[in-house]
Each structure stands twice: as C-alpha cells, then as structure tokens.
Amino acid sequence: MIYFDNAATSYPKPPEVLRIIYKTMTEYGGNPGRSSHSLSLAAAKMVYQCRESIAEHFGGNPENVVFTYNATYALNIAVKSVAGKYGRILISDIEHNAVYRPVTALTRTGLGCDIFHVSDNSDETIKNFCDKLCGETKIVVVNLSSNVCGLSVPADKIGQLCRERGIIFIADASQCAGSKNINMEKCCIDILCAPGHKGLMGPQGCGFAVFGSAFSGENAANLKTFAEGGSGSASLERTMPAFLPERLEAGTLSTPAIAGLLAGLNFVKHIGVDEIADHEKKLFIRANEMLYNTNGVTVYVPQCSGSILLFNIEGVLPSEAAEVFDSDNICVRAGYHCAPLPHNMLKTGKNGAIRASFGAYNRLSELDSFYRVVKKLIK
Amino acid sequence: MTRCIITTSTITIALHGQKILGDYAVGSTLVKLSSNETKQGCAHGIQVNCSSVDAAKNILDRHGVKYTTVIYK
C-alpha cells in the first residue's frame, strides 16, 4: 500500500509509538492523578513527561500544556476560553473548519469576524492582514500551514503585529507541527494548537493547546472553561481549578494516546524537523514535476513546495479518482478536506480536488506508481 | 516517623515542583492526599525529608511553584 494521506493522519506510526501504547495499557493503567496508588501516579508522571516534551519543542511551560481529544477541541477551547462579549476575530482564508466553524458560532453571540487573504507572497499576506486589522480586533486565529495546499503564513510577523496591539494570537499548527520549527516566544504566539496524530506521529485521540506565559499561575482563572467535571483535585469546590492545565482538562485524559504522542515526538526530535521537511519537500517537488506539465491535470499552488499536492484531472470527479487510486492501493483524499475557505479561494470547483499529502515514511519510488494511475485517469 | 508533605492544589503543580526539587538534589515522593487532609477535597503533595522542608519551600518559592501548606503526619 502507498499512503499519501498524511495530512489527514500520518501512517504508519513509528514502532516505538505502538510499543509505548501497549506498555502504557499494561504498566501505567491507572487513571492519571486520580488515585494514590502507584499505577495512577505512574500514569500521571507519563502525562507530565509528555507536557515537558511538548513545552520544550514549542518553547512553552509544561504546566500550560492542555491536553484535548484533538486539534479541533484544542482550537475550540483556545478561542472560546479567551473570547469576550465584544470585538472582532480575524482569521485567514486558508482556515480549516476547526477554526471557521467555532468562530462562526461566536459571531452568533455578537462577535464580529473578518477574513484576510493568504498569498504565496508573504509581504502581500502581511499587507492583506494589516488591511483587515482594526481597533476592535481582539483575537487573531491563523492556520500556519494549509491542510489543502502548500500555502503558509509568516507566523513571526503576524505574531509581532498582534503583540504590539495587545491582540491575542492563536496559531493552528495542525499541518506543520513536526515539519516546521515553531517557537511560541519568537513568534509571539499566545496559544498554539496541534493534533498529536499528524506530523508529531502519535496516535489519534490526543491533541493539545499550549498557553503562553500570560496565562500562567492565577491568570488562568480568567480563562472561560469549555467543559467542567472531575480534575483529580479540589473536589469539594464547585468550579474548575484556577490553574492550568487542570482548569481546561475536565475528565480522564487518554494516557495511552498521550504516551504515544510522547514517543512520536521523540521520533520527530530524533530524525529532526528540518530533515523531515526536506524529505517531504523532495517528494512534493518530484510529484509536482510529474503532474504540472501533464496535459489534462491542474495543479493548484504549484509554486509552494511543502508536503501537499492539490490537483484535479480534467473530466474526472475527484471522488472517482480517489476510488481508482484506492483500487491500485494508493491512499489519497478527495473533496473539500473540511476546509471550504481555501477551496473557494483556489476555485477548485463544486467537487473540490484530489490531495496527495506526503510524510516521513514515503519514498520517492512510490511516486512512479502514483503517476501511472494519474495517466490512466487522463481521458 | 513523621512525614512532611508540601501540598499543592493540582498534580501538575506537584510534578513541576518535584522536578525542580530534583534539579537541586532534594529527594521527594509524589503523594495524593485524601479529602480529610485538605480543605478543598482531593489534592496532591510532595513528600520530602522533614529536615529539608524549609529548603524545599525556599526552592519552590524562588521558582514560583504555588504550594498550599505543609502537612506533618
């Protein structure tokens, strides 16, 4: 099987991820931090170790790493915990529904929303961003790298502009965590959200939001809770703890998924983020060379080399093409990729497009089989 | 023998504190406290040698680790 759907979830996972999940289920089987026995405390230590590893990787504090089910929950928690009753939220036109939908929901409560255009030229993107900023802008939520095409945003410049204006900057690193070095301090990111199961090579079932130092200690008490429930502490209180991360972590965490994320992150650190990015870029460049000059194939944003190639084949529905790829044991994804905003911007049409997304385990030789199917589909 | 426990409101704070104490070679054990030992219900604590309590508190203070109180049991 050839797996070119790494933007949906990375596959396969490193063997050490599988091993640690099994080990966690058998040796750290307690509920993290809930009980006083050794299994529970061992699970809590494993969870904290993962908080430390994430904090080290992104430049934050371990105590400010909030675990969630996935990046969508992390983004919902991030946006809704800081949103007030008034003001405007600025997002980009490459946002995933994980941002677009919660922000749209907030507009129904009285907040305003503006959208800026992301170009393949970063200066132009910054100009578009500045044009949409206004005195009422309170929060900026930006997808650092599109899940649909190779477009990305200059996070450091956007972060600086937000910091100067006292605007909260929330970064969606879903598509680039693990293949792009991101430092929260350097990029002035207030809250960084990511899934564990994509570029960080962990299993599904775990994502996180890293809150910046402005939310440390008692400042966390100002964050609105997204869900309330057990936290393993202050049980007699009627409200969630006033400190991160427990304030925003109601209920039992998924220790196996968090342990798997820890092993996945160790894998990424061992190989190196830059090395993984270079590898994915080589795959993109080769695939783009194959498709860009092929009659009957439209490649969207071919100039942005990353890990994602978005294309359409003349006269073939993307969904039909994906079925043909699948029958040849090649996994790609067709449609809108849960992101209508970038598809509308790229004018991919009413059926979306085909996405081939590359990962750490893909090989250049796999592209020959991929290209054979493309040629087969051209009428 | 008396046990000395520096209590914290959450397990993450306790683990953070334990890590910092470890950096200063202060040995400690993570413990969970039952609701009858605290005012707010379940809590966690860092158990240290009673002769090291003041030094441990000092280190935690310097690193901004919020502990609640010290229990002697």
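Which helix of chain A holds A:H57? I looked this up first. The model is predicted. I found A:H57 in helix α2 of chain A, which covers residues 38–58.

**Entry: A:H57**

Then I listed what A:H57 touches, leaving out residues up to four places away in sequence. The list reads A:I182, A:L265, A:K269 and A:V273.

**Entry: where chain A meets chain B**

I turned to the contact between the two chains. How many residues does each chain give to the contact? Chain A gives 22 residues and chain B gives 17 residues. I then looked up the area buried between chain A and chain B, and it is about 1,700 Å². Carbon and sulfur atoms give 63% of that area.

**Entry: charges and polar pairs**

I checked for salt bridges across the interface of chain A and chain B, and the rule finds two. In one of them, the side chain of A:E218 meets the side chain of B:K66. The N to O distance there is 2.8 Å. I also looked up polar contacts between chain A and chain B. The count is nine residue pairs, with both residues at pLDDT 80 or more. Last, I sorted the side of chain A that touches chain B by class. I noted eight nonpolar, six polar and eight charged residues.

Methods: Residues are numbered from 1 along each chain as its sequence is written. Chains are lettered from A and ligands numbered from 1 in the order in which they are written. This is a predicted model: local features need pLDDT of at least 70, side-chain atom pairs count only at pLDDT 80 or more; totals for chains, interfaces and linings use all residues. Side-chain values use heavy atoms; hydrogens and water are left out. Contact means heavy atoms within 4.5 Å. Buried area is the accessible area (1.4 Å probe) that two parts lose on being put together, summed over both. A salt bridge is a side-chain nitrogen of Lys or Arg within 4 Å of a carboxyl oxygen of Asp or Glu. A polar contact is a pair of N or O atoms within 3.5 Å; within protein, one must be able to donate a hydrogen and the other to accept it, and residues adjacent in sequence count only if both atoms are side-chain atoms. Ala, Val, Leu, Ile, Met, Phe, Trp, Tyr, Cys and Pro count as nonpolar, Asp, Glu, Lys and Arg as charged, and the others, Gly among them, as polar. Helices (H or I, at least four residues) and strands (E, at least two) are DSSP runs, numbered from the N terminus.
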